[in-house]
Structures are given as C-alpha cells and as structure tokens.
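Here is my note on the model you sent. Please read it with the structure open, point by point.

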Amino acid sequence: METDCNPMELPNNTGFEEDSDYRDFEGTDVKDMRLEAEAVVNDVLFAVSNMFVSKTLPCAEDVAYINVETRERNRYCLELTEAGLRVVAYDFDQTDDRLQTPYHETVYSLLDSLSPAYREVFGNALLQRLEALKKESQR
C-alpha cells in the first residue's frame with residue numbers, strides 16, 4: 001500500500017492548541033461554525049486535493065461553507081451546521097436550494113460517500129499510523 005502523506009502527520013487532536021486563536025472560545029456555549037469548519041479542513045486536508053473554508057459565502061454562528069475538491073477532481077461546496085455536513089452545490093462557493101442531499105454526522109462519512117480515493121488514502125494513512133504505534137509499543 002502507498003500513501004501520499006506521512007501518517008505521523010495525521011492530526012491526533014481537534015486542532016485547538018493552547019496558543020491558538022481558539023482559546024478565547026473555551027468555556028463558552030456559543031459554537032462558531034467558522035472555527036468548526038477550520039477544524040474539519042485541518043482533519044482531512046491530507047486526503048483530498050483541495051479544501052478550504054469559503055470566503056465568499058457567509059459564515060455565522062450556525063452555518064459555515066467548505067469548498068472541497070476530491071482526488072478525482074470533483075468539486076463540492078459543503079454546508080456545516082449543527083445537523084452535520086451536506087453537499088449544497090457541485091462547485092466552489094455555490095449553493096443550490098433545489099439540491100436535497102442528506103446530512104452526514106462527520107466529514108469522514110461524507111467524504112467516504114463521495115470519493116473512493118479519499119477512502120483509500122485515509123485508510124492507508126490510518127493503517128500506517130497504527131503500525132507506527134505498534135512499533136512504539138514494542139520498544
């Protein structure tokens with residue numbers, strides 16, 4: 001199996017580091033979806049061709065939009081809300097109100113349904129990470 005990423009670089013936290021801009025939100029009940037969207041992007045960027053929070057579509061406390069291009073070169077605009085993630089358009093920075101796609105609880109589930117290449121890269125990276133942890137535990 002081959003992978004396009006170093007499995008030791010896989011995130012093992014949510015991206016909320018001590019010295020980050022996110023520390024101001026600790027202990028608050030308000031969930032800023034832009035921050036959530038950035039965390040989503042950071043978690044899976046290694047397994048897609050391109051992914052970023054939209055700067056064109058409006059973000060708010062209850063919604064954010066993420067543009068993703070799969071390794072198959074398919075483009076999507078994703079909506080992130082408390083309900084989860086769903087495809088809202090088949091291009092960057094777009095929404096199509098006629099499009100009725102299901103919500104996914106996680107970005108992993110959504111990308112797994114859209115991109116076989118994502119599934120392969122993510123699975124290979126996970127396997128390499130597990131193998132590295134096994135080697136560490138045998139020391």
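**Notes on the fold and selected residues**

1. **Overall order.** Read from the N terminus, the elements of the protein chain follow the order α-β-β-β-β-α-α. That comes to three helices and four strands. Helices (H or I, at least four residues) and strands (E, at least two) are DSSP runs, numbered from the N terminus.

2. **Basis.** This is a predicted model, where local features need pLDDT of at least 70, side-chain atom pairs count only at pLDDT 80 or more, and totals for chains, interfaces and linings use all residues. Residues are numbered from 1 along each chain as its sequence is written, and side-chain values use heavy atoms, with hydrogens and water left out.

3. **Burial and contacts overall.** The protein chain has 139 residues, and 40% of them count as buried. Buried means under 20% relative accessible area, exposed over 50%, and partly exposed in between (1.4 Å probe, protein chains only). Take the contacts between residues at least 6 apart in sequence: 44% join residues at least 24 apart. Contact means heavy atoms within 4.5 Å.

4. **N67.** This residue sits in strand 2 (residues 64-69). N67 is buried, because its relative accessibility is 0%. A polar atom of the N67 side chain lies 2.8 Å from the backbone nitrogen of D93. A polar contact is a pair of N or O atoms within 3.5 Å; within protein, one must be able to donate a hydrogen and the other to accept it, and residues adjacent in sequence count only if both atoms are side-chain atoms. Beyond its neighbours within four places in sequence, N67 is in contact with residues including N50, F52, Y76, F92 and D93.

5. **D93.** D93 is partly exposed, at 22% relative accessibility. Its phi is positive, about 55°, although D93 is not a glycine. Most residues other than glycine have a negative phi.

6. **R73.** Here too phi is positive in a residue other than glycine, near 75°. R73 is in the loop between strand 2 and strand 3 (75-81). R73 counts as exposed, at 55% relative accessibility. Please check this residue and D93 by eye.

7. **F52 and F92.** The structure holds five aromatic pairs. Rings of Phe, Tyr and Trp (its six-membered ring) pair if their centres lie within 6.5 Å; planes under 30 degrees apart count as stacked, over 60 as edge-to-face and the rest as tilted. F52 and F92 have ring centres 5.2 Å apart and planes at 85°, so this pair is edge-to-face. The pair links distant parts of the chain, 40 residues apart: F52 is in strand 1 (residues 50-53), and F92 is in the loop between strand 4 (84-89) and helix 2 (107-114). F92 is buried at 11% relative accessibility, whereas F52 is partly exposed at 29%.

8. **Y108 and F122.** Their ring centres are 5.5 Å apart and their planes at 45°, so the pair is tilted. Y108 lies in helix 2 and F122 in helix 3 (residues 116-137), so the pair ties together parts that are 14 residues apart in sequence. Both belong to one aromatic cluster, formed by F46, Y108, Y118 and F122. Y108 is partly exposed at 33% relative accessible area, and F122 is partly exposed at 23%.

9. **R75 over F92.** R75 lies over the face of F92, 4.1 Å from the ring centre. A charge sits over a ring if NZ of Lys or CZ of Arg is within 6 Å of the ring centre and within 35 degrees of the ring normal.

10. **Y90.** R75 is also one of the residues in contact with Y90, along with Y76, L99 and T101, leaving aside neighbours within four places in sequence. Y90 is in the loop between strand 4 and helix 2. Y90 is exposed, with a relative accessible area of 54%.

11. **Helix 3.** Which residues of helix 3 are buried? They are Y118, V121, N124, A125, R129 and A132. Helix 1 (33-44) and helix 2 are among what covers them. The face turned away from the buried side carries the exposed residues E120, K134 and S137.
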